[in-house]
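Welcome to a short tour of a structural model. Have the sequence and the coordinates at hand, and let us walk through them together.

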Amino acid sequence: MSQRVSVLGLEKTSVFALFRRIDGWTFGALLTSLLIAVPILSVFVVALAPGITSSDDIWSHLVSTVLFHYISTTLTLMLGVGAGTLIIGTGTAWLVTMHRFPGQSIFEWALVLPLAVPAYVIAYVYTDLLEYAGPLQIALRGIFGWSSYGDYWFPEIRSLGGAIAMLTLVLYPYVYLLARAAFLEQSVSVLEASRVLGKTPWQSFTKVALPIARPAVVAGVSLVMMETLNDFGTVDYFAVATFTAGIYDVWLNMNSISGAAQLASVMLMFVIALIALERLSRHGRKFHHTGSKHATLPTVPLSHSKALLASLICLLPIILGFAIPAGILIDYSLAFYQVTLDSDYLLYTTNSLLLASTSAVLAVMIGLFLAYSIRLHGSPLLIGAARVASIGYAVPGAVLAIGVILPLSYFDNAVDSYMLETFGYSTGLILSGTIFAVIIGYLVRFLALSFGTLEASLGKVTINMDGASRTLGHGPASTLKRVHLPLIRTSILTAGILVFVDVMKELPMTMLLRPFNFETLATYVHQYASDELLEESALGALTIVGAGILPVIILSVAISRSRPGHRSSESS
Amino acid sequence: MKDNTSMMAAGLSMQNISHAFGQHRILNDISIEVPNGQIACLLGPSGCGKTTLLRIAAGLEPLQSGKIIIDGRSMSKSGGRSVPPEKRNIGLMFQDFALFPHLNVVDNISFGIKGSLSERKRWIVAGLDKIGLAGYADHFPHELSGGQQQRIALLRALAPEPSVLLLDEPFSGLDATRRASVREQTLEFLKESGLSALMVTHDPEEAMFMSDNLLIMDKGQLIQSGPPIEIYSHPKNSFVATLFGQIDVLDGRVNNDGLVETSLGNFAANQIAPGTLVDVLIRPEGISPCKKSHITTEKTETVSLRVVGARPIGRSSHLRLTTLSGVNSSSIIRARVPGIFLPETGSLIDVKIDPAYVFVFAKQDQTP
């Protein structure tokens with residue numbers, strides 16, 4: 001009872017009474033959620049009422065030419081990456097949590113490292129390494145005496161298969177992290193019961209551990225698929241015709257926002273399916289904790305040959321997903337840093353840093369405001385509004401860009417025609433095509449990161465803290481400042497870093513929303529790599545990877561602390 | 001500690017409070033008064049709504065219907081809004097103490113103090129000294145024991161000089177050995193500060209010890225209120241009687257003389273109509289063994305009972321007894337006898353039953 005937060009009595013009060021009870025916090029939070037949700041809702045409106053934008057007949061053209069190709073390519077990519085990350089993520093998680101072998105405690109956190117590398121960066125590096133003119137094929141030709149393309153077979157990296165491989169290598173940590181957490185969460189007694197009842201370790205894994213972890217694994221795979229759907233850099237570079245690439249092509253090359261919007265609305269169905277999948281899997285998490293005994297998991301020591309194999313299996317994704325790309329980028333950076341510095345690298349870095357820090361600060365402030373308002377007055381209306389506002393994480397950047405640009409240009413046109421009529425003066429575009437639009441896009445997409453982190457963190461502070469502060473004479477704002485902020489300091493930093501890094505890496509929205517001739521590190525690296533100038537922009541790519549290491553460190557610290565078994569064995 | 005003449009607070013008054021979470025009714029038309037300087041205890045099983053009532057008084061739960069007056073000031077504002085908790089001038093002590101983990105002892109205590117801190121510095125120092133934590137000003141909550149945290153939480157709640165102190169199960173977080181001494185200290189402290197206090201508890205001993213006025217709640221309703229000894233001696237119904245610990249129940253029927261005949265003797269039926277089926281409740285402390293010689297001289301009714309088991313439990317002995325004949329011959333009667341008294345199993349003892357510990361209530365269900 002004491003944990004209960006007051007609930008606005010939606011069911012019994014009249015609308016009038018409801019509005020009487022809405023105070024500044026609720027009103028502000030509702031308004032903020034609504035503003036954040038506008039781009040998301042715009043896309044839904046376009047999807048449900050295509051008449052709004054289809055003034056040209058580009059849609060029928062798209063249907064008759066590329067639409068079904070987009071659908072099949074996107075589906076293949078998603079399924080391929082989903083399967084790849086499922087195998088690597090679950091397999092490595094099972095190895096490091098349930099077994100003892102050399103390097104296991106290092107692999108436990110090092111397996112997260114590839115998360116620092118954006119998919120487009122790894123795609124540039126491997127293309128550079130594996131293409132016909134790359135060092136590997138040159139070396140093979142030298143060894144075997146082949147002289148031309150027709151003499152031998154070598155997999156083409158710039159293909160759908162290549163894109164699946166690249167995305168798998170950097171996205172599997174999502175599955176790994178969730179699967180690992182699910183394995184660790186499992187009650188030891190359940191696994192021990194399985195062993196005592198006569199099952200081998202392998203049988204216990206397939207019959208007990210894996211089924212219990214399934215909801216977490218499904219959640220991880222659906223996150224991976226959302227990221228896959230969002231990817232633009234890799235598929236653009238590999239010329240794989242997915243929806244994101246299509247939206248970009250129709251918008252910027254065919255110059256038809258309405259056509260892009262219609263593609264986006266089809267893509268939205270994929271998103272809805274993924275959100276449903278993720279929600280369903282979270283729902284299923286309920287059957288996790290049947291016992292609360294978190295002793296150290298019974299790890300199986302492996303024999304020499306098996307231990308070596310396990311080490312290799314864990315080492316491979318780290319080498320392929322992190323060590324090789326980082327190594328090559330460092331190598332190139334050392335050789336070409338002067339060229340990079342000469343090409344406005346500092347300006348682009350400054351642009352990226354400014355955008356990332358502004359967005360991070362805003363996202364943390366908005367996220368904190370929403371999370372705290374919900375804590376104060378957890379009305380179903382407000383909770384629902386916040387859920388809608390944080391759906392952006394699931395919507396691909398290219399789709400969100402359309403959601404941002406439609407209302408903004410509507411606003412610009414309205415202001416422009418009003419000014420023209422009234423004062424005979426055209427204002428032109430005020431908001432669209434500005435930094436403002438870019439930041440709005442980032443906020444809509446990444447608010448879920450800060451909101452989710454801060455909501456979880458606030459949730460760990462007992463509600464009696466609020467009660468104590470309030471009865472001691474401090475209002476909601478003073479309580480937030482004097483009690484909550486000091487208590488959730490670390491999470492505020494974490495939330496900020498998460499948003500900061502994702503903005504640094506973000507490519508598709510930036511490409512579509514940025515002002516003319518405005519470059520960030522990500523767009524600059526993509527531009528150079530597309531022009532076969534990876535070496536010259538390696539320092540830029542390395543900077544992005546370097547920033548990406550930050551959340552990996554946070555996760556690693558969390559991993560080393562999130563071992564309930566170890567903690568309980570210390571205290572008992 | 002405090003000038004008593006300046007503490008003429010008018011106390012707490014809650015009138016006709018009803019409350020529901022969604023469709024679920026928690027409180028039903030409850031009215032309570034805590035006059036100035038009194039300590040009132042809400043006693044009831046968990047889930048009876050007592051904590052919700054306390055949170056409504058604090059303003060942490062919105063007031064849905066009824067009226068709250070603190071210190072002579074209504075807590076309802078125009079437009080259906082309530083005075084927020086920070087403007088009520090109340091203190092609240094939580095079950096988990098809710099000390100701010102990022103603040104040390106002194107900062108915790110001074111958290112609620114308005115205006116000049118230096119004026120209250122002396123009060124804080126004296127308070128810490130009084131509760132035996134003089135050297136702990138710089139300590140953080142996690143460095144303190146449960147009992148120490150409890151005392152700091154009390155001091156923190158009192159520091160802003162509230163007119164009413166609310167306490168939510170303030171001793172339940174402490175282990176049994178500490179509870180008694182902390183309780184005594186808290187009572188002394190509250191009485192000295194002279195403010196009104198409303199405390200929620202499910203522990204009858206605690207409630208009796210602390211309260212001037214005891215309020216019994218069940219299923220969202222106020223069942224009985226009054227001085228604790230009054231409620232202990234004259235429970236209104238079997239629910240209230242049962243709240244104060246183990247009690248034995250015998251079945252019976254009121255005869256035409258206004259008595260209930262049971263295997264343990266006849267008991268006055270207190271105006272219950274003849275023929276009514278009744279429960280006869282007997283507290284274990286109401287049964288005491290007596291020597292044969294006394295009985296013949298005094299004209300007290302005694303009963304012979306067979307000893308089924310006897311266990312020493314420290315200050316008293318716990319006997320399990322059974323009657324030799326009668327309708328309830330198979331049931332076990334329990335007795336609490338002061339000191340060490342351990343008759344052999346199977347032996348017969350004579351006991352007398354103090355009618356002050358026997359309560360007769362009509363059965364709800366009158367079908368035999």
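## Chain A at a glance

Of the 572 residues that make up chain A, 46% count as buried, a label given when 20 or more other C-beta atoms, placed from the backbone, lie within 10 Å of a residue's own; 12 or fewer make it exposed, and anything in between partly exposed. Please keep in mind that this is a predicted model, in which local features need pLDDT of at least 70, side-chain atom pairs count only at pLDDT 80 or more, and totals for chains, interfaces and linings use all residues. Residues are numbered from 1 along each chain as its sequence is written, while chains are lettered from A and ligands numbered from 1 in the order in which they are written.

Chain A has 25 helices and 2 strands; these are DSSP runs numbered from the N terminus, with helices (H or I) of at least four residues and strands (E) of at least two. Among its contacts between residues at least 6 apart in sequence, 85% join residues at least 24 apart. Here a contact means that the C-beta atoms of two residues, placed from the backbone, lie within 7 Å.

## Helix H15 and its partners

Two packed helices are described by the angle between their axes and the distance between the axes. In chain A, helix H15 (residues 345–376) and helix H16 (residues 380–389) have axes that come within 9 Å and cross at roughly 155 degrees. That angle makes H15(A) roughly antiparallel to H16(A). The axes are lines fitted to C-alpha atoms, for helices over the stretch in contact, with angles running from 0 to 180 degrees between N-to-C directions. Angles under 35 degrees count as roughly parallel, over 145 as roughly antiparallel, 65 to 115 as roughly perpendicular and the rest as oblique. On the H15(A) side, A:Leu370, A:Ser373 and A:Ile374 meet A:Leu382, A:Ile383 and A:Ala386 of H16(A). By class, the residues of this contact are 5 nonpolar, 1 polar and no charged. Nonpolar covers Ala, Val, Leu, Ile, Met, Phe, Trp, Tyr, Cys and Pro, charged covers Asp, Glu, Lys and Arg, and the others, Gly among them, count as polar.

H15(A) also packs with helix H21 (residues 489–505) of chain A, where the axes come within 8 Å and cross at roughly 140 degrees. H15(A) and H21(A) are therefore oblique to each other. The residues that H15(A) brings to this contact include A:Leu355, A:Val364 and A:Gly367, and those from H21(A) include A:Ile492, A:Phe500 and A:Met504. The contact of H15(A) with H21(A) divides into 12 nonpolar, 5 polar and no charged residues.

Chain B has 9 helices and 20 strands. Its C-alpha atoms fill a box of roughly 75 × 50 × 40 Å, taken along the principal axes. Of the 368 residues in chain B, 37% are buried. For contacts in chain B with a separation of 6 or more, residues 24 or more positions apart account for 65%.

Chain B is divided into domain 1 (4–89 + 162–241) and domain 2 (246–362), with bounds that come from an automatic or database domain assignment. The C-alpha centres of domain 1 and domain 2 of chain B lie 36 Å apart. Their contact takes 5 residues from domain 1 of chain B and 6 residues from domain 2 of chain B. The domain 1 side of that contact in chain B has 2 nonpolar, 3 polar and no charged residues.

## Where the chains meet

How many residues of chain B are in contact with chain A? There are 28, and they touch 21 residues of chain A. On the chain B side, the elements that give two or more residues are helix H1 (50–58) and strand S6 (90–93). The side of chain B that touches chain A has 14 nonpolar, 9 polar and 5 charged residues.

## Some individual residues

A:Asn517 sits in the loop between helix H22 (508–513) and helix H23 (521–530) of chain A. Its phi is near 65 degrees, a positive value in a residue other than glycine. A:Asn517 counts as exposed, with 5 C-beta neighbours inside 10 Å.

B:Asn16, in strand S1 (residues 12–21) of chain B, likewise has a positive phi, near 50 degrees. B:Asn16 is exposed, with 11 other C-beta atoms within 10 Å.
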